[in-house]
Amino acid sequence: MIEATGLTKRYGSKVAVHDLTFNVKPGRVTGFLGPNGAGKSTTMRMILGLDRPTSGEVRIDGKRYHELKHPLRTVGALLDAKWVHPNRSARTHLLWMAKSNGIPAKRVDEVLGLVGLEEVARRRAGGFSLGMSQRLGIAAALLGDPQILLFDEPVNGLDPEGIHWIRRFMQGLAEKGRTVFVSSHLLSEMALTAQELVVIGRGELIAQCSTQQFVDNAGSQAVLVRSPGAAQLQQALGSRGMKVRSTVGDALVIDDVTTEQVGELAAQHGIVLHELTAQRGSLEDAFIQLTGNAVEYQTGAVALADSGVAR
Ligand code: ADP
Ligand code: MG
């Protein structure tokens, strides 16, 4: 369990993190979501005792980082995968880490196996692809077999296969009861990875809620539908007062409706659908607006405050 209370970090006059209060519980993946510059990395560094809060505090299982008896066995982190010495092999790098932290050498081979790096363990890490470096970083985080794991933007720059692997790996850790806290600037990525979200914008907390709740609240209600009976469907929608924003061939985009409403209406009229999707793009836009502008968060509803700027 990670608990931040009133966590604040200033760099000179710049407020990177402002009065953040949130918690991260075991047994699920918690996404730490916010646009670039929102203060995610700064917060993670404070959790790990690498940066000192200007005010407020963060506790790990009730303790501050420097009070932990065995830090590496309590919390593991992947912050920057490229910090490994380029001429060291993956195995040497991990052995060195293990040795300096009183962790038995056999654990090194265990973690290399867990992340699927056995085959390349003796190659120099400087020649690793980004995906392999990320796996090595994850192996390092797992060395002390910690209950709590932090990953800072672990899928940045990875190919789809690498992204999928990391996502599944983090979910597997959570299923085994670990506390997993992972940052990203992409709502679409977090929607596939995390069950719970801590959302920040400009250093401030915007929401802590389930991913489902956040997506439901943040997303505009636009729905894309493709149907060989598009014309008939458009008529049916119109007769219910639903607004069709655009039509391209057999595709319709309808504002302010849910996929349930459109699907059920189509069924009532016996209209075949080839696609029925809530619009992702608009969700990401809503998120950027939400985290980039002045915001106001109310329980159960996310409302854009009037920032005084004409839109
Ligand atoms: P994120 O990880 O969400 O992209 P960061 O935590 O890296 O955000 O940065 C938050 C803000 O704090 C940014 O405006 C960044 O420029 C600033 N910042 C981060 N680290 C420092 C530092 N060491 N000195 C000055 N400003 C910093
Ligand atoms: Mg960052």
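Helices, here DSSP runs of H or I with at least four residues, and strands, DSSP runs of E with at least two, are numbered from the N terminus. On that basis the protein chain of this predicted model holds 11 helices and 15 strands. The chain has 311 residues, and buried residues make up 46% of them.

The shell around ligand 1 is formed by Tyr11, Lys14, Ala16, Pro35, Asn36, Gly37, Ala38, Gly39, Lys40, Ser41, Thr42 and Arg45. Sorted by class, this shell has 5 polar, 4 nonpolar and 3 charged residues. Two elements, strand S2 (14-24) and helix H1 (40-47), each supply at least two residues of the shell. Helix H1 gives the largest share, with 4 residues.

Several side chains come within polar reach of the ligand. An oxygen atom of ligand 1 lies 2.8 Å from an N or O atom in the side chain of Lys40, and for the side chain of Ser41 the corresponding distance from a ligand oxygen is 2.9 Å. The side chain of Lys14 likewise has an N or O atom 3.1 Å from an oxygen atom of ligand 1. Taken alone, ligand 1 exposes 570 Å², and the protein buries 62% of that area.

Besides the ligand oxygen at 2.8 Å, the side chain of Lys40 reaches the backbone oxygen of Pro35 at 3.1 Å. Leaving aside residues up to four places away in sequence, Lys40 touches Phe32, Leu33, Gly34, Pro35, Glu153, Ser183, Ser184, His185 and Ile200.

In helix H4 (residues 106-114), the buried residues include Arg107, Val108, Val111 and Leu112. These four span an arc of only 140 degrees around the axis, and therefore lie on the same side of H4. The cover over the buried residues of H4 includes two further helices, H3 (90-99) and H5 (130-142). Just after H4, Gly116 adopts a positive phi of about 70 degrees.

Helix H10 (residues 259-268) can be described along similar lines. Val262, Leu265 and Ala266 are buried in this helix. Because their arc around the axis covers only 100 degrees, they sit on the same side of H10. On the other side of H10, Glu264, Ala267 and Gln268 are exposed. What covers the buried residues of H10 includes helix H9 (230-239), together with strands S10 (223-226), S12 (251-254) and S13 (275-278). Just after H10 comes Gly270, with a positive phi of about 60 degrees.

Terms used. Residues are numbered from 1 along each chain as its sequence is written. Chains are lettered from A and ligands numbered from 1 in the order in which they are written. This is a predicted model: local features need pLDDT of at least 70, side-chain atom pairs count only at pLDDT 80 or more; totals for chains, interfaces and linings use all residues. Side-chain values use heavy atoms; hydrogens and water are left out. A residue is near a molecule or strand if one of its heavy atoms lies within 4 Å of it. A polar contact is a pair of N or O atoms within 3.5 Å; within protein, one must be able to donate a hydrogen and the other to accept it, and residues adjacent in sequence count only if both atoms are side-chain atoms. Accessible areas come from the Shrake-Rupley method with a 1.4 Å probe; for residues, only the protein chains shown count as cover. Ala, Val, Leu, Ile, Met, Phe, Trp, Tyr, Cys and Pro count as nonpolar, Asp, Glu, Lys and Arg as charged, and the others, Gly among them, as polar. Buried means under 20% relative accessible area, exposed over 50%, partly exposed in between (1.4 Å probe, protein chains only). The arc is that of the directions from the helix axis to the C-beta atoms. Contact means heavy atoms within 4.5 Å.
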